Amino acid sequence: NFTNQAGSAPNTANQVYCVPSWGNNAVTMTNSLSELYYNLVEANGYTNFACANGTVRFWFQPNWPNSIPPPFTEFLDTYGNPSGNGAWSFGMANNTLIFSTQSNGYSRFYFTYPPVSFQSNQWYQIALTYSPTNVAVYTNGVLLSTCNETPFTLIGDNPIWTVSDALVYYPSAALLATLNEFSVGNLIGGYCPLNGQFDELETFNYPLTPQAIAAGFPSFGGA
């Protein structure tokens with residue numbers, strides 16, 4: 001039933017299926033229109049996902065033919081309104097992990113990381129930590145990079161290059177309350193399914209330390 005640890009069920013679950021995993025069940029999404037949406041904030045005030053400061057950590061097993069990734073893969077996605085502004089996104093473009101955030105006023109901030117060599121039918125733990133001072137990505141408990149190219153903001157058609165790897169632009173809580181939902185395993189609206197299995201999604205409202213990330217990588221799920 002895809003209920004989270006707080007006991008909250010998803011708002012939407014279409015063309016999403018459970019498959020056996022090492023612990024219990026994982027979620028699999030292969031259809032371009034697969035949907036699994038949860039509230040950002042529940043009616044009782046419980047916050048499932050924080051955009052400005054926090055950590056997301058999960059297990060991913062790709063089902064890619066010949067281990068070749070698709071052009072786009074989405075892990076987590078949210079935005080402030082149907083026009084798409086005020087977005088927060090973590091996924092892949094081919095074999096590169098990409099983290100993208102956007103403020104209410106369309107200012108974007110992108111973080112890209114060194115290419116990864118994920119193999120089909122192997123489990124990988126992926127963790128993203130983000131804060132006003134730092135953004136980092138880990139695979140299997142090991143720091144991948146804080147950034148492999150200079151982040152930039154895009155205002156209109158004019159990129160403004162910066163030297164910071166901090167999270168500068170992100171959607172406000174007021175804007176996110178418009179839709180109050182985030183998508184797991186696909187873009188909101190579809191067409192970028194993760195094409196694999198997704199398990200043990202954890203969210204924190206603070207960045208985990210490198211030591212905590214390393215300690216949270218057990219051998220039972222690793223590749």
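Me: What makes residues 159–163 stand out?
Reply: Their pLDDT stays under 50, where pLDDT is the predictor's confidence in each residue, from 0 to 100. The model has 13 contacts for them beyond four places in sequence, a contact being heavy atoms within 4.5 Å. This is a predicted model, where local features need pLDDT of at least 70, side-chain atom pairs count only at pLDDT 80 or more, and totals for chains, interfaces and linings use all residues. Residues are numbered from 1 along each chain as its sequence is written, and side-chain values use heavy atoms, leaving out hydrogens and water.

Me: Why is T55 called buried?
Reply: Buried means under 20% relative accessible area (1.4 Å probe, protein chains only). T55 has 0%, so it's buried. You'll find T55 in strand β5, residues 54–62.

Me: What does the side chain of T55 reach?
Reply: The backbone nitrogen of L208, at 2.8 Å. T55 also touches other residues, including L128, Y130, F204 and I213, leaving aside those up to four places away in sequence.

Me: How much of the protein chain counts as buried?
Reply: 49% of its 223 residues.

Methods:
Helix = DSSP H or I, 4+ residues; strand = E, 2+ residues; numbered from the N terminus. Buried < 20%, exposed > 50% of the residue type's maximum accessible area, 1.4 Å probe, protein only. Polar contact = N/O pair within 3.5 Å; in protein donor to acceptor, adjacent residues only side chain to side chain.
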